[in-house]
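Hi there,

Here is the structure I promised to pass on to you. Have a look at it first, and then read my notes below.

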Amino acid sequence: MSDARVRPSERVQGLTARATGRLPVWLQLRLSGRPQIVIDEQTLDPQVQLLLAIHRKRRPYGLCHPSPAEARARFRRDTLATAVTKTSVGAVRELEIPGVDGCLRARHYAPPAADRCPDLLVYLHGGGFVLGDLDTHDEPCRLLCRHADTHVLSIDYRLAPEHPFPAALNDALAALRWAQGNAATLGAQRSRVALGGDSAGGNLTAVAAQFAARGGYPPVAQLLIYPAIDAMTATASKEMFGDGFFLDRQDCDDFLHYYTDGTGVSDDDPRVSPLRATDFSGLPPALVVTAGFDVLRDEGEAYAAALREAGTIVLPRRFPALGHGFIHMTGISHAAHHATIEVARDWRALLDSTSS
């Protein structure tokens, strides 16, 4: 595996990215090299437009280039290079929990008033089933912990292609069962264990929630942040945002290839594309978050509609000025930071609505 330590040049690039937020809007747009981007009656945040231009210039190749191991290390470096002072929470500790084929690393975030918080969110990070770890998602988990006033248990599930489907799904289900059985040791209640994640983690959340509901151990709620929900259907957002934004259609294809190739599972299998399930009844309440300039936008919103039609309580939330991956931009984008805090507050509201 290539060196995942942040390099001095990357640290400078991170500082430069943060500095873009102090520029006037007209200069952000001029430096982006394009007029203000307006698509589908949505206007991309000007700073995000500049950050997108910088990103595309620095990384003109796909997210999996040139190999999963090297892409994984680069994603980690890029994320850590833009980190600022960590959001304060009550406590953080490292854990190991039992998985299907050995122990899984996990990280527990306790809110400041942990003794008065019964809720626990089992969090599954994004990264296309190929990238990501506990550190790349440390700040999003801290923001959720603090602003949703909930315990968070972040899971370092196994990644493809070393561990293809169904390894990550099995790990997600094992983590949920462990959390339900051990919630009290984390300061939470068994009946208040929820499940959530972003992007690929949102996919795992949706699939695991379906499995758990049918198995009689559903999470109390599910948090789906710009989830990958349907690998098959051609949508308007795939056409509009599939090339030139933070996540391309080719990236989606590459991730899916590494996750499922050689496993015998098809792209329309509900364990891969949970929108292809035949029954959405009895599923946990859901907060479904989408971004306006995201190739995955429409499938996430279609899933929210399917859940609602089946009688599930759904809180849909679109951030029209942002793109895929905005929870990783909180250290460099004011709009992304504010949006992630709003997600946390919406999550708190959904949890409150499930209280008996």
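**What I found**

The protein has eleven helices and ten strands (DSSP runs numbered from the N terminus: H or I of at least four residues for helices, E of at least two for strands). Its radius of gyration is 19 Å, close to the 21 Å from the globule rule for 356 residues, so the protein is as compact as a globular protein of that length. That radius is taken over C-alpha atoms, and the rule is 2.2 Å times the number of residues to the power 0.38.

This is a predicted model, where local features need pLDDT of at least 70, side-chain atom pairs count only at pLDDT 80 or more, and totals for chains, interfaces and linings use all residues. Residues are numbered from 1 along each chain as its sequence is written, and side-chain values use heavy atoms, with hydrogens and water left out.

Of the 356 residues, 57% count as buried (under 20% relative accessible area, with a 1.4 Å probe and protein chains only).

Now find helix α6 (residues 167–182) and helix α7 (residues 200–215): they pack at an angle of about 60°, with axes 10 Å apart. The axes are lines fitted to C-alpha atoms over the stretch in contact, and angles run from 0 to 180 degrees between N-to-C directions. Which residues meet there? Ala-168, Leu-169, Ala-172, Leu-173 and Leu-176 in α6 meet Leu-204, Val-207, Ala-208, Phe-211 and Ala-212 in α7 (contact means heavy atoms within 4.5 Å).

Enjoy exploring!

Note on methods:
Buried means under 20% relative accessible area, exposed over 50%, partly exposed in between (1.4 Å probe, protein chains only).
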